[in-house]
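Thanks for making the time, everyone. I would like to talk through the aromatic contacts in this chain, and then turn to one of its pockets.

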Amino acid sequence: MLLARVAAGVVGGLALYTAFPPLDWWVCAPLGIGLIVASLYGTRPRRAAWLGFLAAVVFLLPTLAWVRAIGDDVWLMLVVTESVFYAVMAALAALVFRLRAWPLWFGGLWVAMEWARGLVPVGGFPWARVAFSQSESLFTEYAALGGAPLVSFAVALCGALLAYAALVKPRAIPRPEPVPAPSDGVLTPHDAPTPGAGARPEAGSGVKGAVWRRAVPVGVALAVPVLTLAIPRPGDEGRTVNVGIVQGNVPGRGMGFLGDEPAVVLKNHANETKRLAQAVREGKLPKPDFVALPENSTDIDPYTDAYARQIIQDSVQDVGVPTLIGAVVSIGDENRATRSLVWDPKTGPGAYYDKQHLVPFGEYTPFKEIVLALWERASLVGRQSVAGDKPGDLKLGPVTIGAVNCYEVAYDDTVRGTVRAGGSPLVMQANNATYALSNLPPQQLAMYKLRAVEHNRAVVAAATTGISANIGPDGKVSWRTRELVADMNVVKVPVRTRETIATKVGAVPEWALMMMGAAAAGVAAWRGRRRGDRMRNDG
């Protein structure tokens, strides 16, 4: 029995991995969760915890394989840390399995687990949430109602319902067996039926009842994704903007993506911007209203370096429209900021947005004194980044765009805050050079697609090495680049202003689902404690 549970957890973890990009077998997400539930059902919390931990390790090792670019030790530490959250969730799930309607409570616990992962430690790590495997599936439209948390809940609920159908058996209640009358027609005490002998199925059980007890949850599991077809979507508002997208590429790979030549990343993006300008003059591309360059499109601070400033100014003047530059700029003598900077062809640098959710150990070093003493690679961070505290609504040409930087696309509050501030379209700037050709760029593209549906906003993605893309408010990609090439284009992007329900209500659905799961776990624990007290009193 234990071996079967281990096998179910391992296969479930692998199935969940295949739902994520680059494989994108989205239907494997509910199937994988169903197998994980099957491995946990009927166990005590302690055993459920390590089974949940095992399933999470199997799931996260390949899903987060892109972290190996930094180091195998970092990859393993991250996987182990994140798997602890799944272990806690599994222990609580072992309790709620004792309650009626437990698939609902399990779904709430799954949402709570993903919320906790996105909060702690050191700012959380909300990547590899189940919702991010559903950017082009029947579950996608739930994002417009309750954001990524509702999508994760719907998938977890379906998986739990499938497990319920396979695991829960019809119960039986005792009944007396019929006793044939004696030949003389008189019953004696010896002839009376034994109390409790035999059994009769409870209402709805038997062969037909067993079929119904399995068919109903399977039917509900199938209905959950199909119901999204009835969700209304905001229509086109008849307004568009032409956006230039530039992907300049970098000379190196991995941790050394900047190469040895100074300013090469800056020159690559400036040259590609000029190539775009030339294509516009020749009539090969329409004139853009603004141009978007990626995060870290300049590897030199244009505020302090006259050479970098002149290179950017020349390329922006050549294209002739406001351009969003991605720069790492100095803040005082010891700090820096990852900045989305509006550069006007006439007046130069102007309004900006500073990245709010920073990458721990990449842009800043938590517990700096201890970490630097124990881990030599931590010194590669250099100057410590300072987080911004304002949303990324920036006036750029004829529109107010919503600037979001790379890592923070995984954070619900950052993207939602930018949309609420008036950002449309969303401009996602990214630097994935360290992780090129890994499974990170396609995972990030999937997040862009889900955010587009969640907020009814087109998404323009500009990345140093790819994947750069144009994504409509329906989550469909109309243009994208290959990785590790220089590329550019001018794309027509719809401008939407209507908000989805998810944008309006914010985190309310997430909190409601979490409280539902937590309350169920509390009730189950209380009942278990009362049962234990009764048993001790009876003894």
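Predicted model: local features only at pLDDT ≥ 70, side-chain atom pairs only at ≥ 80, totals over all residues.

Take the pair of Trp26 and Phe139, whose ring centres are 6.2 Å apart and whose planes stand at 80°, so that the pair is classed as edge-to-face. Trp26 belongs to the loop between α1 (2-18) and α2 (28-40), while Phe139 belongs to the loop between α5 (102-117) and α6 (143-167), and the pair therefore ties together parts that are 113 residues apart in sequence. As for accessibility, Trp26 is partly exposed at 25% relative accessibility, whereas Phe139 is buried at 2%.

Another edge-to-face pair is made by Phe97 and Trp102, with 4.8 Å from centre to centre and 70° between the planes, and both of these residues are buried. Phe97 and Trp102 also take part in a cluster linked by ring pairs, whose members include Phe20, Tyr41, Trp110 and Tyr164.

Turning to charge, the charged end of Arg339 sits over the ring of Tyr352, at 3.6 Å from the ring centre.

That brings me to the second largest pocket, which has a volume of about 430 Å³. Its lining consists of 20 residues, and those nearest the centre are Arg100, Ala101, Tyr164, Val168 and Arg213. Two or more lining residues come from each of α5, α6 and α7 (206-226), with α7 giving the most, namely 5. By class, the lining has 15 nonpolar and 5 charged residues, and no polar ones.

Key
Residues numbered from 1 in each chain as written. Heavy atoms only, no water. Phe/Tyr/Trp six-rings, centres within 6.5 Å; stacked < 30°, edge-to-face > 60°. Helix = DSSP H or I, 4+ residues; strand = E, 2+ residues; numbered from the N terminus. Buried < 20%, exposed > 50% of the residue type's maximum accessible area, 1.4 Å probe, protein only. Lys NZ or Arg CZ within 6 Å of the ring centre and 35° of its normal. 1 Å grid on protein atoms, 1.4 Å probe; cavity = no way out; pocket = protein on both sides within 12 Å on 5 of 7 lines; lining within 4 Å. Points joined across faces, edges and corners; volume = space filled by probe spheres on them. Nonpolar A, V, L, I, M, F, W, Y, C, P; charged D, E, K, R; others polar.
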